[in-house]
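I opened this entry to record what I looked up, beginning with the overall fold and ending with one residue.

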Amino acid sequence: MTCQTYSLLILSVIMIYFGHFGNSLNLPQLQGDIDQLKADFNSSHSDVADGGPIFTDKLINWTERNEKRIILSQIVSMYLEMLEKTDRKKAHARHIFEELYTLKASLPDGLQKVKDLMDLSKIQMSDLRIQRKAVNELFSVLQKLVETSTSLKRKRSQFQRRCKC
């Protein structure tokens, strides 16, 4: 797969996961619009292949549907941010923007979850005060973990009882 097809791949994945594939989305027209956008951005330039893909390699580690919705929501936001700065007088750019905007409206806001993860990565665990606070919260964190684990086991057990596999 070439770097030029990544944008279509990402957009297709986004559309499929959010249920717009085959409904109101005209994928062949969108492909044409994306091809025109590629020309606008001169995406056939040799530096496009440098460093590999930006988004598709991030999707590999996100396996659950709800997890993928979070990261795809962020990717859609990034595309919208990029397209806000383009000339939307051009029909193809406006069409892509509108499709992504519609998708974004149907998504849960994953931004807060992303911010939470980023905040966690910035915590200085070498700081003694932080360590004290963390130790005070340890039991509560473990309780949440056990609750989540027990809930998953219960769901699995209920499924096995119902399933005549």
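I counted the elements and found seven helices and zero strands in the chain. Helices here are DSSP runs of H or I with at least four residues, strands are runs of E with at least two, and numbering starts from the N terminus. Along the sequence, the pattern reads α-α-α-α-α-α-α.

I noted the terms of the model. It is predicted, so local features need pLDDT of at least 70 and side-chain atom pairs count only at pLDDT 80 or more, while totals for chains, interfaces and linings use all residues. Residues are numbered from 1 along each chain as its sequence is written, and side-chain values use heavy atoms, with hydrogens and water left out.

I looked up burial next. Of the 165 residues in the chain, 24% are buried (under 20% relative accessible area; exposed is over 50%, partly exposed in between; 1.4 Å probe, protein chains only).

I then checked contacts, meaning heavy atoms within 4.5 Å. Among those between residues at least 6 apart in sequence, 68% join residues at least 24 apart.

I turned to helix α4, residues 65-84. At 1.5 Å a residue its 20 residues should span 28 Å, and the end C-alpha atoms are 28 Å apart, which agrees. The expected span is 1.5 Å times one less than the number of residues. Buried residues of α4 include I71, L72, I75, V76, Y79, L80 and L83.

I followed α4 to helix α5, residues 91-105. Their axes come within 10 Å and cross at roughly 145 degrees. Axes are lines fitted to C-alpha atoms, for helices over the stretch in contact, and angles run from 0 to 180 degrees between N-to-C directions. From α4, S73, V76, S77, Y79, L80, L83 and E84 meet I96, F97, L100, Y101 and K104 of α5. By class, this contact has eight nonpolar, two polar and two charged residues (Ala, Val, Leu, Ile, Met, Phe, Trp, Tyr, Cys and Pro count as nonpolar, Asp, Glu, Lys and Arg as charged, the others, Gly among them, as polar).

I also looked at helix α2, residues 27-40, which packs on α5 at about 120 degrees with the axes 9 Å apart. The contact is made by Q29, L30, D33, I34, Q36, L37 and D40 of α2 and H92, A93, H95, I96 and E99 of α5. I counted five nonpolar, four polar and three charged residues there.

Last, is H95 buried or exposed? H95 lies in α5 and is buried, with a relative accessible area of 15%. Leaving aside neighbours within four places in sequence, H95 is in contact with Q29, L30 and D33.
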